[in-house]
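Thanks for coming. I'll keep this quick and go from the whole chain down to single residues.

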Amino acid sequence: MNRYRDFQVGGNIVKQDDRYIVRDNVELNSLVVGSTILFPEKCTTGHAHPGVEEVYTFINGTGEMEIDNERFAVSAGNIVLIPDGALHKVYNTGTVGLYFVCVFNGTRNH
C-alpha cells in the first residue's frame, strides 16, 4: 500500500538519491507543483532563489524546517510560506518518510 497515493500531485521525477525523491508537475502555465519524500534522518540541500516565492504543505511525517537561520518543527498539516530569496532547508527528524508538497512560480532552478 502506498500511504502517499492520496496526496500525489503527479509529475516526473526530477531528483532522486539516498536523501529523497522529488517530482515536479508542470501542467500549469506559471506554477510548478512539486512533491518530495524526504527519507528518515536526511535533509534537503539548503538553497535560495531570488524572484521565487514558495508554499510548502507537509502531508506526512515530522521534521524541521530552516528559513534564513530560523529552525522550527513541522509535521503533517503544517503550511510554511517561503519569502522571495529566503534560504530554506528541510530536515526529517522522524522514522518515516517526510512527505511535503511545494508550489512555486517559475521553473525549478535548484
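Two housekeeping points. This is a predicted model, where local features need pLDDT of at least 70 and side-chain atom pairs count only at pLDDT 80 or more, while totals for chains, interfaces and linings use all residues. Residues are numbered from 1 along each chain as its sequence is written, and side-chain values use heavy atoms, with hydrogens and water left out.

So, the chain. There are zero helices and nine strands. A strand here is a DSSP run of E, at least two residues, numbered from the N terminus; a helix would be H or I, at least four. Of the 110 residues, 36% are buried. Buried means under 20% relative accessible area, exposed means over 50%, and partly exposed lies in between, with a 1.4 Å probe and protein chains only. Now contacts, meaning heavy atoms within 4.5 Å. Take those with a separation of 6 or more: 62% come from residues 24 or more positions apart.

Next, pairing. Two strands pair if DSSP finds at least two bridges between them. Start with strand 3. A hairpin of five residues links strand 2 to strand 3. Strand 2 and strand 3 are antiparallel, with six bridges. In that pair, tyrosine 20 has leucine 38 as its bridge partner. Strand 3 also runs antiparallel to strand 9, over eight bridges. There, leucine 31 faces asparagine 105. How enclosed is strand 3? Seven of its eight residues are buried, so the rest of the structure largely encloses it.

Strand 5, residues 62-67, makes six bridges with strand 6. Methionine 65 sits opposite phenylalanine 72 there.

Methionine 65 takes us to the core. A nonpolar core is a set of buried Ala, Val, Leu, Ile, Met, Phe, Trp, Tyr and Cys residues joined through side-chain atoms within 4.5 Å. The largest one has 18 residues, and Met65 is among those with the most contacts inside it. Which strand gives the largest share? Strand 9, with four residues. Back to methionine 65: leaving out residues up to four places away in sequence, its contacts include Tyr56, Phe58, Val80, Ile82 and Val90.
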